[in-house]
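Me: I would like a close look at a single part of this model, followed by an account of how that part sits within the whole chain.

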Amino acid sequence: MYRLYTLLFLALFSAVQALSSTGNRLLVVTEDSAADKEKYSILWSDLESRGYRLAFEAPKNDKLALFQHGERAFDHILLLPTRSKGLGPSLTPNLLLQFINNNGNILLTLSAESPVPSAISSLLLELDIHLPPDRTSLVVDHFNHDTNSASEKHDVLILPKPSALRSDVKNYFGGGGVIAFPQSVAQELGSSSPLLTPILRAPETAYSYNPKEETETVEEPFAVGGQISLVSSMQARNSARFTVLGSVEALKDAWFDRAVKIPEGKAVKTSNRAFAKSLTAWTFMETGVLKVGKVEHHLSTILESKAGNDSIEQSGYLNPKIYRIKNDVTFNIELSEYSIDHLSPFIVPPGDKLQLEFTMLSPFHRLDLQPISTILNSTIFSTTFRLPDQHGIFAFRVNYKRPFLTNIDVKREVTVRHFAHDEWPRSWMISAGWVWIAGVWVTIFGWIAFVALWLWSEPAYQQSQGKKRQ
């Protein structure tokens, strides 16, 4: 009976939890909570239906604190644009970076209608994300804009959903339909940081300019074409996520399922609601989260009579601390991917490789891990190899870091010893030693033959012919 009550309690507890793998406490920073609740009501209802507990706070609220007793008071932060130049003492760049370092996730939204606060500009510079120097610049496109709402200003971009960054990278934001981006702020990503990844780039015909400069031509735009990132992401080394959305208007109710039309095109409905869900799901750790299960390694015996995985037989116990040089060893790792509300078997994208490194100071082996079995919620990857002819302290390491996936860095240290005195192969088993063995025995038998010949060969003596004379 006690177990039944425990199971029921756990079921009810899991039902009220958010779909995020890191928590459900979401802080929404806004200056006008009443108006923003009405403008973004669909977004709030979608987040609440996914289990998030929303807390609306003003940026300069003295009682606002991101940390309590040394721990995060919130799991995620959604920053809406503000009209003030600062965000208050609780939202300084240092505190926001500390929040990220403590595994917190942040979704930052911008708008060309609201100047970017200096605290936000400083924070983005720390992350190598650059904004236009003037605070009123926006992105326009004369070929991919909504003719219904922006027939003159061309500042409402109509774009397809993001495509895959590369063929070997999973796309969490794609799909059919178009997205409307009104009053977007351009972002330019630095090339020196491997942690930055663009989610959505502007088309080649777009550019950023200051609308206050009423000129017919723009001589030196901040960025043009593919240089402009409309939605950017930064995944820290601890896998915390920071996303910059260049158009907060794209999240408003007015642009969810709205009819738009590009020049010389047909009227279509926007997919802003679906894109907002996929963007918040990735930022708040509902998708693209890898979990490591069992990590095992053991000695193996390779059976020549069998093929495939059946030819590898475990010998000895699991996860020994010491191996011998030239041992055959098998390494297994279990991986799952958290997707929305459940764990599923992780599948390596086509064109990508999950690899194992057997390393000391540098890798001695770098081998592809192959999936050998799949269970309900995980995939087991494995490889078998022969240890190098080098003793010392080694490590099995799986270092898998890809865009939009949480980082995996698994390391298991082992000792590799040399042969013991009674483990060397006998000399007669080494074909190269047969010449020397033959030389030894030839020497022995030659010496015996010489001694026998010496012992059994008596010298001949001559008889004397008479007495000696003096």
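Leaving aside its neighbours within four places in sequence, which residues is Phe 181 in contact with?

Reply: In this predicted model, and with neighbours within four places in sequence left aside, Phe 181 is in contact with Asp 155, Val 156, Leu 157 and Leu 159, and also with Leu 200, Val 231, Leu 245, Ser 247 and Phe 275. Phe 181 belongs to the largest nonpolar core, which has 65 residues, and it is listed among those with the most contacts inside that core, together with Trp 44, Leu 230, Val 231, Ile 333 and Phe 396. A second, separate core of 38 residues includes Leu 64, Leu 110, Val 116 and Ala 119. In soluble globular proteins, nonpolar side chains tend to be buried together.

Turning to the whole chain, buried residues make up 45% of its 470 residues, and, of the contacts with a separation of 6 or more, 72% are between residues 24 or more positions apart. The chain contains 7 helices and 28 strands. Its radius of gyration is 36 Å, whereas a compact globule of 470 residues would have one near 23 Å, and the C-alpha trace spans about 150 × 75 × 45 Å along its principal axes. As for the surface, the chain exposes about 26400 Å², of which carbon and sulfur atoms supply 54%, while the mean positions of its 46 positive and 48 negative charges are 10 Å apart.

Definitions and conventions: Residues numbered from 1 in each chain as written. Predicted model: local features only at pLDDT ≥ 70, side-chain atom pairs only at ≥ 80, totals over all residues. Heavy atoms only, no water. Helix = DSSP H or I, 4+ residues; strand = E, 2+ residues; numbered from the N terminus. Rg over C-alpha atoms; globule rule 2.2 N^0.38 Å. Buried < 20%, exposed > 50% of the residue type's maximum accessible area, 1.4 Å probe, protein only. Contact = heavy atoms within 4.5 Å. Areas by Shrake-Rupley, 256 points an atom, 1.4 Å probe, with all protein chains shown as cover. Lys, Arg positive; Asp, Glu negative; His and termini not counted. Charge placed at Lys NZ, Arg CZ, Asp CG, Glu CD. Core = buried A, V, L, I, M, F, W, Y, C linked by side-chain atoms within 4.5 Å.
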